[in-house]
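Have a look at the structure, then read on for its charged contacts and its overall build.

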Amino acid sequence: MFPVHRPRRLRSHPQLRRMVRETVLTTSDLIYPLFAVPGTGVANEVRSMPGVYQLSVDKIVEEAKETYDLGIPSIILFGIPEDKDTEATGAWHDCGIVQKATEAVKKAVPDLIVMVDTCLCEYTSHGHCGYLEVGDLSGRVLNDPTLELLKKTAVSQAQAGADIIAPSGMMDGFVGAIRSGLDENGFEDIPIMSYAAKYSSSYYGPFRDAADSSPQFGDRRTYQMDPGNGKEALKEIELDILEGADMLMVKPALAYMDIIWRVKQATHLPVAAYNVSGEYAMVKASALNGWIDEERVVLETLTGFKRAGADLVLTYHAKDAARWLQTS
């Protein structure tokens with residue numbers, strides 16, 4: 001007359017629920033993105049991302065210290081240069097903004113892992129991720145010449161002290177090119193986290209405010225992945241693994257949790273999920289309007305990424321999540 005199996009027995013007490021929890025989110029899973037800009041004492045809040053700032057190097061160092069003190073093991077640096085050109089000079093110059101920020105953070109917080117975004121869109125005058133044909137207004141990036149720029153950028157970032165190189169431009173062969181460039185310059189021990197499955201997504205909108213990286217014409221659909229494709233993601237990760245990737249990333253995360261799962265099932269490498277700007281902005285806007293419980297929604301979402309297979313999560317919520325985890 002009564003159920004033999006009663007799953008609710010294991011939900012009856014908070015401590016019991018903790019004991020049998022299958023997926024556990026910790027601060028060690030988090031990576032905090034930061035945006036570096038020229039100047040001193042600069043902290044410009046990003047209009048579409050409440051709580052996220054463009055920061056000068058001195059402010060980046062302060063954030064890095066706070067991040068480390070919260071138990072978060074890593075940051076990822078993006079840069080907004082003072083000047084842009086078709087050669088993306090600010091990306092690979094030894095006085096580039098990311099190079100300066102990397103050097104300053106490693107000096108101030110040597111045990112914090114500094115990951116650097118290795119891409120060109122923030123540094124080109126047209127906002128695309130590499131070289132374009134003269135007069136091209138479609139945004140079709142020239143693949144192989146761009147690989148040389150990415151090699152130069154990765155080497156300069158490694159020379160500045162970066163711990164992890166994270167190429168995000170979705171050029172064919174970019175992992176192999178960067179790996180050869182690092183190895184040839186004595187950086188064979190620096191790992192590569194490839195943005196292996198990066199989709200052409202509308203969720204990136206607020207990031208382009210933060211990084212000042214909107215394309216001046218065309219779009220990025222000729223090099224970023226079509227949102228309808230799942231099997232193609234497995235092809236991309238297979239190629240990146242063959243070229244020497246040490247870690248893999250799926251971006252965005254929220255609408256692509258099936259891709260995170262498939263990537264994790266297909267490889268033994270660590271998998272990261274990027275909880276992107278649009279995902280962050282939607283939560284913040286809803287919380288500011290009193291429509292959701294921000295803490296519970298954020299922790300549930302980040303746990304969901306882990307449950308889907310992510311080993312690491314890049315998220316603008318990282319500091320808040322770390323504080324909430326300490327008191328939960």
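## A bridge between D311 and K264

The side chains of D311 and K264 meet in a salt bridge, at 2.7 Å from N to O. (A salt bridge here is a side-chain nitrogen of Lys or Arg within 4 Å of a carboxyl oxygen of Asp or Glu.) D311 sits in the loop between helix 11 and strand 10 (312-315), while K264 belongs to helix 9 (residues 257-266), so the pair ties together parts that are 47 residues apart in sequence. D311 is partly exposed at 29% relative accessible area, and K264, at 23%, is partly exposed as well. The cut-offs: buried means under 20% relative accessible area, exposed over 50%, and partly exposed in between, using a 1.4 Å probe and protein chains only.

A note on the source: this is a predicted model, where local features need pLDDT of at least 70 and side-chain atom pairs count only at pLDDT 80 or more, while totals for chains, interfaces and linings use all residues. Residues are numbered from 1 along each chain as its sequence is written, and side-chain values use heavy atoms, leaving out hydrogens and water.

## Other salt bridges

The structure holds 12 salt bridges. D29 pairs with K306, with the closest N and O atoms 3.1 Å apart. That one links distant parts of the chain: D29 is in the loop between helix 1 (14-19) and strand 1 (30-36), K306 is in helix 11 (residues 294-308), and 277 residues separate them. Both D29 and K306 are buried.

R323 and D320 also form a salt bridge, at 3.4 Å from N to O. They're 3 residues apart in helix 12 (residues 318-327), so about one helical turn lies between them. R323 is partly exposed at 33%, and D320 is partly exposed at 28%. Through shared partners, salt bridges join E63, E66, K319, D320 and R323 into one network.

## The whole protein

Zooming out, the protein has 12 helices and 10 strands; these are DSSP runs numbered from the N terminus, with helices (H or I) at least four residues long and strands (E) at least two. Its radius of gyration is 20 Å, close to the 20 Å the globule rule gives for 328 residues, so the protein is as compact as a globular protein of that length. The radius is taken over C-alpha atoms, and the rule is 2.2 Å times the number of residues to the power 0.38.

Of the 328 residues, 54% count as buried.
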